[in-house]
Every structure is written in structure tokens, then in C-alpha cells.
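I opened the model to look up one fold and one interface. My entries follow.

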Amino acid sequence: MLKLGIAIDTVASSRFRPEDYVFPATMEEAISILSSEGEKARIIAGGTMLFELAERKMIPEVKKLVDLSRIGLSYVASDPEAIRIGSLTTLSELTNHETIGQTRGIGALTDSLSWIRPIQVKNVATVGGEICSATPLFDLPPALIALNAKLILVGPNGSRTTDLDGFVLDYLLCDLRQGELLKEVVIPRPKKGSGSTFTKLERTANDFALLNCGVALELDKEAKCRSACVCLGGALGAPSRLSKVENKLVKTNLSRQDIEKAAEFASEVQMSQSVQASSAYKKSVAKIICRDTILSAKERALDNN
Amino acid sequence: MSTTQQQEERETLLRHIGKSVTRVDLKAKMTGRAIYGYDFSLPHMLHGKIKRSPYPHARILKIDTEAARTLNGVRAVITAWDVPNSLYGVMLKDTPMLARDRVRYVGEAVAAVAADSLEIAEEAVDLIKVEYAPLPYVTNVEKALEKESVVIHPDLPTYKAGPPFPVRIDPNRPNVGNHYHVEHGNVESGFSEADFVVQNRFETAAMQHMHLEPSCAVARAEPDGRVTIWSATQSPYMIRQQISDIFQISTSRIRVIAPYEGGGFGSRLEVHSEPVAVALAMKSRKPVKVALTREEVFTSTLVRHPFVVYIKDGVKRDGTIIARDMKVILNGGAYSGGFGMSVCRNCIFGAVSTYNIANFRFDSIRVFTNAPPGGAFRGYGSTQVDWAIECQMDCIANELHLDKIQIRRRNLLHAGDRNAIGETMKDVNHHGVVERVLEKLRLDEPRQDYDSGPWRRGKGFALTTKYTTAPTASAATVRVLDDHTVILFVSGTEIGAGSDTIYSQIVAEELNCPVESVIVSGPDTMFTPFDDGANSSRRTYYLGNACRMAAQDARQQILERASRALQVPESNLMVEDWKIVERNGSKSIKVSELFLKDQTRSGAFLPGSGDLIGRGVWHERVGFLDPVTGRCTTDRAVTYYTPVATGVEVEVNEETGFMRVLNIYCAIDVGKAINPLSVEGQIEGGVVQGLGGAICEELILQDGKPINANLADYKVPLSLGTPHVQAIVLESPEANGPYGARGVGEGPITGISPALANAIVDATGARVYDIPLTPEKILAAINLKAKQRK
């Protein structure tokens, strides 16, 4: 499997130079372009990852870039059920939106936004790009998966809703069908008694994750764990939920011992080697980051009771 | 009057020296209008691009350039067969401009193209088809040292070498390009007197210079056969010499002009894209720019030599080191890297300038491998040797249960001592820098650790010494103009260190005029006098002295002319803000009035000399290290030694191996801080670059190929994660330095790695023996320690 930093042709000289750049005026027009051009056309959102991947020749050759910035997909809306985020919303817009700051229980999201450091990147990188570029080292997906986010996708055959969990299939590969684009991310409003946290291990203060982890817990009235969602990123090609860890947490009192026992299973997950660390090292610290994230989510859940 | 009072009085008389004068290049750089080498362009300029080897070691069977040559917009395509069949290199002539029959590392230049646009050049380079027959390769330095190893340079015995660096061909070690050896006292008998023997093996990784501006050159072949090169180089005269060697053109017919340089750190003392730019310009008869990408800077310029250091010490019960045996192996990569040979030799200075060890042996060997070439890097070998020695000092202290500072003090060299290479030590203020760091580090205070949780606190210390090389020379010329401006002609490139400001302060000081009166020319070998270059922390000292002498020469001429004009003896005159005034008198004359105006008023001249030119040159003759004995032929081998003490406070997570660096204190005795703010900047910059090498920077090879040759995967410290660096400046004057100044550029990088490793030991008991100190290595060391405790 490819990793960032491996399989780069360091001696190729030609750079990424797409032939065309278009601004569809409507969603229909965008879908029609994407449907007819296939892999030769690619959506450009913030462009922070696309150029990197194209220069490294890690994606099929792109001839046409499709810019969705003129079809009104940049928004944050909220209703009693959910928070709805347009896919072209930049990370800065999301960070600064009052709904995001005021909603209880979505700490994992605000954490992950604060872990993405370079303001220059946040000003252009989008929520949709974080998801659809299917890069295993990104910080938003594990947080959103922990929060049980849904995706609204539109394509030539109309629109469909799917869970974010399972949408990213593998390294640089997601379940986006021909002609389809991501319209909206829907985060169900967390129930009372729930809390969530996201944490990250990184080598420098401005880095892709070595491993990252999003956790959301819901407590019942006795402060027992009703449900748990634990998502680990950076292990393999896609962020994945750790069902063994989750199952071990449910119905416990979430004592430190309960959490430590459950988190042990995080180190059973298969891990890939990267430029920055061996798989053995990633395994040995997975349980630590998992444990610490669960502990913090529990504290937040208790505060939200 | 006491000496302190005298000194204070002298200092109050200084107008610009010792003041944090605003940088003279500030406006140009802050507004983005400064022209760096990478910005430079000429009308009708072509863009060059280099075809590079994808193999670490291969024979070239065939190069097909047909498709590239016929591509529309391509103006020249060159291979080794189109350029002089000569090898170049500052100290060993082993490097081809373009590989002829064999490539020796991934990224080596094989062919090049000049085209109307960069896009066409890139396309053309991809159209060049090279057939290779891959050969076995070796990148591990200790494997390359074996007799049976793959041989990188079968023709090594025929290569020409510079006189100070003879190649010693060793039939048992065919990849050894240079071997420096010195022995002092009797090491064997020293060990027999020892109560303890402590031995360790330390390693460092390949680090890249990471100058912000990638290497770049624009070349123009003039119609009369001369060549002009615009290159933001650390050493314009070095570039001129290299181009002269390669193309067999007399040096006077080569003109090197250096715009502002976006950092160099040693790499840009050497030619990178200049020869190819010249060859393409000659072939296409148009100016050609060859600007490397960041990826090419990683793969195809230079790295800091990875070292393996074996160190064995015989120690008396009281902590006296009675014998030390060091074996240092440098991974030289595929070529000599310009200054690689002298890094191999000069790393000795780091090993003999801090401690006085009666019986001492040192062998350093530079080995060719199929890795990117190692070259000069801020610290110049001292950093890697200091990494081993300063870890070793703590290892000894721990093993003997002695105080870490005491053991260092006990073994210090003192003024008048003979060091291991035969130099008589001058007073190097080691005690002063130690004291000042300890005041901050407070090793006597009880440990402040967390009651629970995985984080442990620790403090670490290192004492190092950086030399400034000799013999070198710097010259300066000043031209005083009738509008009360002085142009300073120097070949010292402003590489970001603030040198143009230092020179301006010195010239303004001597002419007693505002700093704003001084214009620094920027290097142009057609007009600016010789300078050895921005290396070895030498320019404040060498060029500073030259500027001072040039300005004094001009002042003397002004006084002589004013004396005749005013009929007042010179001794009764003083210069102030371009006016020559009589002491205790009323006569005065402006400098402009010494000049005669032309009838058209288009200019002015001085009767007798035309221009008012002041000249200065500073050079120091010292002994050299005899290639056979390794010992200095006189009692001095370097210009001076600068002492550095580094203290750090860290927190280490015992579960993950992650480290937080809380504080860094770095004390250095600079003799005199001519511009204190610039000195602080140099200290902070050096420490942070050292921090990068200590904790994260490493160019990783996999299957002989760099796999993180980009800034996403090659980690450098970023401002957000950089701890507070407290710069501590000491000023005990250097006898011959301008106003007592020494250099500051390199010292701060030398101590940070061992200080951090020692702090990790202090926090966790676990030692890591190779940099960078990654969380993975730290955790492995912690786990190993836990196992040993059981």
C-alpha cells in the first residue's frame, strides 16, 4: 500500500499541469461534467491535497479541475435534529461558526479543528476535501465518524445518504461513484449525557497524524456507558472503528480500569509502517492514545449530564 | 584608572559598535522587494532542467536525446559528451558535471535541457531515455568499509587531490577516500592506568541544510568567451574557481555576481546548478536559469555527513580521563561533496578543544557509498563529534556516580596547555559559559517532577567548542564619494546572518558617520575583492577586520587632504559626520569640499587620485595539520576557539516516548557583540537548526532511494513547536578581533543534541545513542531500561 513519502518518483521532472479549470454554475452542471469526464475530471476544493497527490503521481492523471465554489455549498445550518455542514465550507469557517462553538457534545469536532494547525491550510481546506480525498492521516474524519456523521451525496441518479463510517474504503479511495459529489455532512445532535474528544500524536507542531483518535460516549443516568464510538485514524488506509474496544466499554462504569482494559484492544489492530514510525511502535502507542481519548470523553460526558 | 573603567570608557566612545542597529537589508526584505538568486531573471532567458538518475548505482548504457532535441521550444540538450571530460571538486577532483558511464546515487545529474519555458524543459527531460544496467550498491557506511564491498570509485587512485588532502589508497578498504589520524601520548599505557573503561558507539543521521531558497544559477556566455553567473552562493570566488577548473577558462574571464541568498548553511559553498547552467548557456548562446526544486535540493545537493563514532575512555576513579580512543566513520556518499575531505579532517578540532586528555588517539575515515554526497554543514563535523563526546561525558559521570559538571571541569583544557594536536591553547572561556548556563539550569535545585502520570522531567547539559578555520583571507575596499556616501566593496554574500549590517556598522564607526551613509555593494568578482566566503563563523572576524582597515585607510586619506587644505596638522583634526574639524579650533571643511567638480557638474574627482579609495585585508597564517602525523606544524591550527554551553529542560512521556522541550539555554562567548540583536538571532537560529537534527530531521534512504525528499515527510521544527531559546552572550575580547569580536554562526548548533539526550537520561534513565531522538527510539530505550531493571 502507498504511504505519504513512499513511491514518489523523485527523479520525474514534470509537474502537475491540468489543461482545464471550470466553474460549474449549478450542481446539475457539476454532476454532468463529472459524469461525462470520468477520472479525467476531478473536483478541486481547497487544493491543499490534490496538488500534492498529483505531483507525486499518486492519483490517475487529471485533465480538468472542477471548482464547486460557485454552487452554494459553503454553509453551516442547524435544526433540532442535526448540524448540517456544506461540503465546500472551509475549516476556518467551520472553526469560527457560532453553532459549532455552542453545540454540546461535539468536542471531538472542535478538538480536531484545533489540531489542524496551519491557518493558511484551514483558510482553504474544506470539509468535503478532508473526507473525499480519503487521506488516512487527516484529522476531521475520525472525529466525525465518532460523532456518527452522515453524508448526503448527489449524482446523476439523484441523492443518497450514507454513513461516513465505511465511506472511506482505503488509502485514497472512497465510495464516491462516477458523477457523484458530496453535498453535505450531517452531524446528529448529541444526546444529553454524551461527550466526545479527539486527540492526535504528531511529530512536529504542524504535522499529519502519526495516529489520531476520535471518541464519543453516551452515559445513562447511572453514568454507565450506554453507547461508545471509538475511531482510530492513521493505522491503515482508512480511519476505522474499533468495535472490540467499543463493546468492552458499553455497560461498564467507565472506571479507569475498564477503560484501560478496553483500550488494550486498540493495539490488536493491524498497522502499516510509515516514514515516521514502524508498525510495532504505532501498535504500542495506539492503546495509549485510545485510553487517553476515552478518559477525556468520559469527563466531558459527565459534565453534560 | 582600573581596566574595567578603561574598558567602559572605551565602550562609551563607540558610536555604532555594540548597538542593535536596524538591519540595512530590513526594508528590502520586509517589503518582499529584495532580489534573491531564485528571483533573478534576464531578458530572453531560457530555463534549464536536469535529468537525474533513478538508480543508486548503475552503468549508463545509452542516452537517447532525440525526442527531447526535436521538441518545439527546446534550445539545447547536453549529456556528458557535450561538456569537458573533466572531474571537479574543491579538495578531490572526483565529481563529473554530468555522469558519463556510471551513476553513483539517486538524483545524480545525467543530462540537461534548456528550453523557452520551464514547462517545455520539464517535458523534454522526461523525453530523454536513458538505458541503465543496475549495479549492486551500498549505502551502509560500515558495509562500504569492508574489503569485499561494492567499489564506488574504481578510478580513485587516479583522481587528483588538493595538497592538504592526499588520498591514501588502502587496498583493504577500497571505498575510503580520506583518512586522518593523530596520536598523542601513549593510549595503551593510558588505558592500563585507568580504573574504569567506558566505551560506546554513537550515530548521527543524514540531515539536509534546508536553506529556504533552493539552489539556483543564471549563466550567460558572453560573445567574447567570458562567462557571467548570477548565483546566490556563500562563496563567489569558490564558484569562480570551480567553473574555471571545469571549463578551463581563466578566472578573470568568469564573473560571479551574488544576489541576496536565502540561507546556505554550508551547502552553497559548493557549486550545485552553476556548471550545468554555464554549459547550457554556452550551447544555446542564450542566458539560462537552472533553479532546483525542493526535491532536487534534498536528493541532489549535499547532506550533513552521517557519522558513526566509536569512543573508548580510560577513566581514573576521581573522574580524570587518562586515555581516549576515538574512531570516526563518515558516510561520504557518492562524491567528495566539495568540502567533504576537510570535514573528515576538521572534525578533529571538536575533539581536542574542550578537554585535556593525556593519551589520545583519533582516526577519522571518510567512506564513499551510494548515498547523497556529504558536504560542509554548519558545525563542520564538530557537531557530530560533540554529539558523541558530550553524551560520553554524561555516561562516564553516571557510571562513576560523579557530578556531571565536575567531571567536565576536572578535565578541561586551560590556557597554556598543549592539546592533542600540538596547539598551545589560548584562554577559552569555558568556565564562563558553564557558569552562565548553570545559573539558568539550576541543577542544584530539587527535581520538580509530576506526582503521577507518564510525564517525567529532566535536565541536560553539554559543553562544546567551535573553531574558526585558518588560513583564510578577506579583503575590503571602500570608495568615499563627494555626496558623503561610502560604498563598501566586499565579496561577502548577505546570506541572512546580518553581515551587511555588521560591515556597515564597522565602516560607519571608523569614519564616524551615520550607518545610513554606507552602501554595501554585494559580491561581484569583477569589482569586489577576494573573500574566502561565508563559512566557519569567520566573516565578522575576517571581513570585519578588513572593513575596519579599509575604513581607517580612507579616514587617513581624508585627514591628509584636509590637513593640507586647512593648514592644520593631522593630529589636530578629527572627522565627524563628513566634516573635518580642528580640535580646539575653529577651522573645518566638509569632505565634499575636498573634491573638485567637473565643469558640467556631472561629477567630482580628487586631484592626484581621482577616487578616494581605502583598502583593507585580513589574513592569518597558522600551521597546518601534517597529513602524516596529524599534528599541527606550529602551535596554532585555527584562528580561534569559541566556547559554547547548552542547557535544556525537557519532559518525556514514558508511555509514548514523546518529548517536550521546555527551555533551551545557550551561552556563547562571542568576544564582542557588534550587533547584539543579530547575535541573539544567530544563537536562536543555530539552536533551532540543531534542535531539528536532534529530534526530527533525517533524510531516509530505502533501497538506496530517498523516500522523504519533501517537506511533508522530512520533519523540521516549526515556530509553533519551538521552545523558548534563551541566548546568553558573553564578551571576553578576542585579541585580534574587530573590537574584540569572534564569530557566532556555528557554535550554537554544536551542543543541543547531546544536551537533549542527556536530559532524556536524567528524566527516564534511558539513553538513545543515535540522532534524531524520535519518540520511537526514546520509547525503545525506556522499554530496554525497564527490562534491565527487572
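I began with chain B, which has 18 helices and 37 strands (DSSP runs numbered from the N terminus: H or I of at least four residues for helices, E of at least two for strands). The radius of gyration of chain B, taken over C-alpha atoms, is 28 Å, close to the 28 Å from the globule rule for 790 residues, so chain B is as compact as a globular protein of that length. That rule is 2.2 Å times the number of residues to the power 0.38.

I noted the provenance: this is a predicted model, where local features need pLDDT of at least 70, side-chain atom pairs count only at pLDDT 80 or more, and totals for chains, interfaces and linings use all residues. Residues are numbered from 1 along each chain as its sequence is written, chains are lettered from A and ligands numbered from 1 in the order written, and side-chain values use heavy atoms, without hydrogens and water.

Next I checked burial. Buried residues (under 20% relative accessible area, 1.4 Å probe, protein chains only) make up 61% of chain B.

Then I turned to the interface. The contact (heavy atoms within 4.5 Å) takes 36 residues from chain B and 32 from chain A. Phe658(B), Lys715(B) and Glu776(B) supply 20% of the area that chain B buries against chain A, more than any other three residues. Buried area is the accessible area (1.4 Å probe) lost when two parts are put together, summed over both.

I counted 4 salt bridges between the chains (a side-chain nitrogen of Lys or Arg within 4 Å of a carboxyl oxygen of Asp or Glu). Lys715(B) pairs with Asp207(A) in a salt bridge at 2.4 Å, N to O.

Note on methods: Buried means under 20% relative accessible area, exposed over 50%, partly exposed in between (1.4 Å probe, protein chains only).
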